[in-house]
Amino acid sequence: MVKEKPNSTRTYDGEGFRRRAACLCVKNEDENEVLLVSSSRAPEKWIVPGGGLEPDEEPDIAAIREVMEEAGVTGTLGRCLGTFENLERKHRTSVFVLVVTEEKEEWEDSKNIGRKRQWFTLEKAMDVLAVHKPVQCDYIKLLIKNDKVP
């Protein structure tokens, strides 16, 4: 059973995919560490913060909102890494890079559901994401690939 946030409205694209947005939150411009959050359904597992777009909300705005709700961080929104399809769950997620400038001591999901956050090296993030959200490993792979391009 999937738990919905109160007053949650799902939005879909023309092909019936749920529209989502997420951020790879990086510690600095070097982009060598990312912030992951504990899963609401499996608190011992880690995920990239993100969620569904509200009606008439742009993906970049949704990404910033979701990161604040789920990870309690704010920062400078950078490039869009792309839109990733999850055919199994029928989602399309626009993924952005966010350089974190502030970490709140308490935030919405930490108070409401006890969500945790933790910084990981890119390699360790790939390891922990592979356990629970292997599709999110593609986000990290693209971040690494883009860092190597002059």
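Biologist: In which strand does R92 lie?

Modeller: The model is predicted, so local features require pLDDT of at least 70 and side-chain atom pairs pLDDT 80 or more, while totals for chains, interfaces and linings use all residues. Residues are numbered from 1 along each chain as its sequence is written, and side-chain values use heavy atoms, leaving out hydrogens and water. Helices (H or I, at least four residues) and strands (E, at least two) are DSSP runs numbered from the N terminus. On that basis, R92 lies in strand β6.

Biologist: Does R92 count as buried or exposed?

Modeller: Buried means under 20% relative accessible area, exposed over 50%, and partly exposed in between, with a 1.4 Å probe and protein chains only. The relative accessibility of R92 is 17%, and therefore this residue counts as buried.

Biologist: With which side chain does the side chain of R92 make a polar contact?

Modeller: A polar contact is a pair of N or O atoms within 3.5 Å; within protein, one must be able to donate a hydrogen and the other to accept it, and residues adjacent in sequence count only if both atoms are side-chain atoms. At 2.7 Å, the partner of the R92 side chain is that of E85.

Biologist: Over the face of which residue does R92 lie?

Modeller: A charge sits over a ring if NZ of Lys or CZ of Arg is within 6 Å of the ring centre and within 35 degrees of the ring normal. K90 lies over the face of F17 at 5.0 Å from the ring centre. R92, at 3.8 Å from the ring centre, lies over the face of F17.

Biologist: What is the phi of K90, which is not a glycine?

Modeller: Most residues other than glycine have a negative phi. K90 lies in the loop between β5 and β6 and is partly exposed, with a relative accessible area of 38%. The phi of K90 is positive, at about 55°.

Biologist: How are the planes of W46 and F120 arranged?

Modeller: Rings of Phe, Tyr and Trp (its six-membered ring) pair if their centres lie within 6.5 Å; planes under 30 degrees apart count as stacked, over 60 as edge-to-face and the rest as tilted. Both W46 and F120 are buried, and the pair ties together parts 74 residues apart in sequence, because W46 lies in strand β3 (residues 46-47) and F120 in strand β7 (residues 117-121). Their centres are 5.4 Å apart and their planes stand at 70°, so the pair is edge-to-face.

Biologist: What is the angle between the planes of F84 and Y139?

Modeller: F84 in strand β5 and Y139 in helix α4 are 55 residues apart, so this pair links distant parts of the chain. Both F84 and Y139 are buried. The pair is tilted, with a centre-to-centre distance of 4.8 Å and an angle between the planes of 55°.
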